[in-house]
Amino acid sequence: MNLDAQLDKVLYRYDELRELLATGDGSSFAKLSKEFSDIEPVVQAVQALKKARDDMADAAVLMADPEMKEMAEAEFYALKEQLPGLEREVQLMLLPKDEADEKNAIIEVRAGTGGEEAALFAAELFRMYERYAATKGWRFEVMDFNETGIGGMKEATATITGRGVFARLKFESGVHRVQRVPATEAGGRIHTSAATVAIMPEAEEVDIQLNDSDLRFDVYRSQGSGGQSVNTTDSAVRVTHIPTGLAVACQQEKSQHKNKATALKLLRARLYEMERSAKDAERAAARKSQVGSGDRSERIRTYNFPQGRVTDHRINLTLYKIEDVMNGTALDEVVEALIAADQAERMAEMA
């Protein structure tokens with residue numbers, strides 16, 4: 001469908017919604033109101049584009065009048081310069097929305113290959129996202145943190161709450177590789193280690209309904225590192241979703257009740273992500289590439305400390321500001337570039 005046909009479709013639906021809201025019954029009013037509020041900004045952008053096109057056509061006609069030519073030419077070329085920006089704005093608004101974009105996110109970071117150095121890097125990545133969340137005014141709440149005892153961690157999970165969190169972080173899923181000289185390396189050799197990041201939209205109960213008969217709960221004593229923070233009661237909880245075999249454990253809190261609630265929250269998010277991934281795989285079957293596949297085995301980024309650079313391999317972006325990225329202040333540059341690449345790819349598919 002070309003752009004003009006899409007614009008007409010939007011305007012037709014807008015008029016249709018206005019009529020339905022004026023005459024409709026209460027049962028569908030809330031749903032129609034939500035659609036109307038979502039489509040209104042798109043309609044405003046469409047109307048601005050159509051007005052610019054009409055004004056440009058009027059200016060072209062006036063250019064034939066010797067007395068009006070100079071003024072009409074100035075208006076014509078000014079509008080001609082504005083038009084591509086207005087068209088791009090409308091095209092971006094018309095892109096299919098990811099229903100999970102406005103949701104909060106659950107982040108999981110796990111140490112990969114590389115032993116203790118991988119555990120240290122995983123902990124640094126986890127802190128990087130915590131700092132990034134702070135720069136955006138988001139709430140970062142640790143759900144589980146399995147440390148190694150010398151500043152590293154095996155795995156950690158957190159909920160990130162705020163506006164549009166998942167939309168900005170969803171391209172972070174995958175393998176993050178680090179190249180540097182470990183503090184324990186006496187010979188000064190550069191080592192390569194890795195950590196895995198998974199970003200999942202936080203699922204509400206309406207998104208994923210869990211039946212008690214499908215769940216198995218196991219309780220056990222929490223395990224701490226080096227004998228620290230070990231509970232003397234069976235407060236750790238593991239919940240298994242029997243139909244899929246998916247299991248989630250939580251031992252962060254001293255309360256069994258809180259650990260159970262957290263485990264269920266994480267399980268719901270993983271099941272929701274499984275459903276989304278299956279749908280995305282179907283939609284992506286015909287795509288040549290995908291900026292954010294969400295595949296945890298895909299190597300997406302390298303952090304090279306000796307050279308001070310961060311490279312995202314999906315979009316061939318390299319920034320020589322590794323410290324700023326790791327403290328969260330420059331991560332937005334990578335995030336913005338990934339979002340722009342994804343938008344460009346999807347717009348090309350619609351053309």
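Thr-240 counts as buried because its relative accessibility is 9%, where buried means under 20% relative accessible area, exposed over 50% and partly exposed in between, with a 1.4 Å probe and protein chains only. The residue lies in strand E7, which covers residues 236-241; helices (H or I, at least four residues) and strands (E, at least two) are DSSP runs, numbered from the N terminus. Leaving aside neighbours within four places in sequence, Thr-240 is in contact with Asp-214, Leu-215, Arg-216, Gly-245, Leu-246 and Ala-247, contact meaning heavy atoms within 4.5 Å.

Residues are numbered from 1 along each chain as its sequence is written, and side-chain values use heavy atoms, with hydrogens and water left out.

Leu-267 is found in helix H6, residues 256-283, and counts as buried because its relative accessibility is 0%. Not counting residues up to four places away in sequence, Leu-267 touches Leu-210, Leu-215, Val-239, His-241, Leu-246 and Val-248. Leu-210, one of these, is 57 residues from Leu-267 in sequence, and their C-alpha atoms are 9.4 Å apart in space. Asn-316, by contrast, counts as exposed because its relative accessibility is 70%. Asn-316 sits in the loop between strand E10 (309-312) and strand E11 (317-319), and has a positive phi of about 55 degrees although it is not a glycine.

The helices can be taken next. Two packed helices are described by the angle between their axes and the distance between the axes; here axes are lines fitted to C-alpha atoms, for helices over the stretch in contact, and angles run from 0 to 180 degrees between N-to-C directions. Helix H2 (residues 29-62) packs with helix H3 (residues 69-94) at an angle of about 155 degrees, their axes being 8 Å apart. H2 is therefore roughly antiparallel to H3, since angles over 145 degrees count as roughly antiparallel, under 35 as roughly parallel, 65 to 115 as roughly perpendicular and the rest as oblique. Helix H1 (residues 3-23) packs with H3 at an angle of about 65 degrees, with the axes 11 Å apart. Leu-3, Gln-6, Leu-7 and Val-10 of H1 make this contact with Glu-87, Val-90, Gln-91 and Leu-94 of H3.

Helix H4, residues 115-136, has 22 residues and reaches 32 Å from its first C-alpha to its last, close to the 32 Å expected at 1.5 Å a residue, the expected span being 1.5 Å times one less than the number of residues. Among the buried residues of H4 are Phe-121, Leu-125, Met-128 and Tyr-132. Just after H4, Gly-137 takes a positive phi of about 75 degrees.

For the chain as a whole, there are eight helices and eleven strands, and 40% of the 351 residues count as buried. Among contacts between residues at least 6 apart in sequence, 62% join residues at least 24 apart. The mean pLDDT, the predictor's confidence in each residue from 0 to 100, is 84 for the chain, and 88% of the residues reach 70 or more. Over residues 225-230, however, the pLDDT is below 50, and beyond near neighbours in sequence this stretch has five contacts in the model. Where pLDDT is low, the predicted coordinates should not be read in detail.

How values were computed
Predicted model: local features only at pLDDT ≥ 70, side-chain atom pairs only at ≥ 80, totals over all residues.
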